[in-house]
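This report covers strand pairing, the nonpolar core and ring contacts. The sequence and structure come before the details.

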Amino acid sequence: MRGLGFFLLSLLTQVSSGTVQVTGLLGHNVTLPCTYDTQTHGILSFCWGRGELPWSKCSNTVLSSQDGAVDLRQSPRYQLLGRLIDGDISLTILDVQSSDAGLFGCRIEIPGWFNDHKVNTLLEVEKAPEEQLVTEDWASTTAGTQAFRTSSTSANEEVGDPKIERLVVAATKEEFKALLRVGNIGRVAAIFFLTVIIILVFIFWSKLQPRKRLEDADSSAAENIYESVPWSA
């Protein structure tokens, strides 16, 4: 009989179970994982509870679902944000508080004897790391440091840093060369325009000379004709 009892007890405890540990930050959201294969089992009923999972259902149930529809939710802080159709029934706790620390149990009711899938999750809650706040004193100190660096840089430039002097000389030389290039372009342009003006004057003068010669010839012919005509008494 003792052996039979031990065998029956082993059957009762022969379920798929496990324990995971999750750490949440105070005031933040945390997700307690729990999944199953919907392609094999379809949509199943499940529950989430506080404390150790009993022989059936959940103890201190905080959320439960029957055939894909949530029928109990102890607080709006308990949410199912996973894809239920894919078997993701992980429990998300919003705005985690210190009182949320402890053991949670997820039970998935798989049809058949002793087939339920169980997951125990130990939630630990820690204080979120403090964020460094920017105060007015810190901002003024930073601005003063930046101003000091700027004034120091200006003072070094005025004293005469050799590197800066070399850069200034190089820049001056480049500007002088640029001015020379601009002057050369101006001189070339002036010579070009002067040449064009001379060519135009020459062409105009060349066209004017034959016309003047023709007028002189016509005037000479007219004088000769006038001289050849005798006077009548």
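## Strands around β8

S45 has E109 in β8 as its bridge partner. Strands here are DSSP runs of E with at least two residues, numbered from the N terminus. Two strands count as paired if DSSP finds at least two bridges between them. β3 and β8 run antiparallel and are joined by six bridges. β8 is also joined to β9, again antiparallel, by seven bridges, and G105 stands opposite N120 in β9.

Seven of the eight residues of β8 are buried, so the strand is mostly covered. Buried means under 20% relative accessible area, exposed means over 50%, and partly exposed lies in between, with a 1.4 Å probe and protein chains only.

## Basis of the values

This is a predicted model, in which local features need pLDDT of at least 70 and side-chain atom pairs count only at pLDDT 80 or more, while totals for chains, interfaces and linings use all residues. Residues are numbered from 1 along each chain as its sequence is written, and side-chain values use heavy atoms, with hydrogens and water left out.

## Nonpolar core

A nonpolar core is a set of buried Ala, Val, Leu, Ile, Met, Phe, Trp, Tyr and Cys residues joined through side-chain atoms within 4.5 Å. The largest one has 22 residues, and those with the most contacts inside it are L32, W48, L63, L91, I93, F104 and I108. At least two residues of this core come from each of β2 (30–32), β3 (45–50), β4 (61–66), β7 (91–93), β8 (102–109) and β9 (117–126). β8 gives the most, with three residues.

## Three-stranded sheet

β2, β7 and β6 form an open sheet of three strands in the order β2-β7-β6, with antiparallel pairing. β2 and β6 (78–79) are at the edges with a single partner strand each, so one side of each has no neighbour in the sheet.

Two bridges link β6 and β7 in the antiparallel sense. Q79 stands opposite T92 in β7.

## Aromatic rings

Rings of Phe, Tyr and Trp (its six-membered ring) pair if their centres lie within 6.5 Å; planes under 30 degrees apart are stacked, over 60 edge-to-face, and the rest tilted. A search of the whole structure finds one aromatic pair. W113 and F114 form this edge-to-face pair, at 5.5 Å centre to centre and 75 degrees between the planes. W113 is exposed, with a relative accessible area of 73%, whereas F114 is partly exposed, at 32%.

R77 lies over the face of Y78, 5.9 Å from the ring centre. A charge sits over a ring if NZ of Lys or CZ of Arg is within 6 Å of the ring centre and within 35 degrees of the ring normal.

Notes
Helix = DSSP H or I, 4+ residues; strand = E, 2+ residues; numbered from the N terminus.
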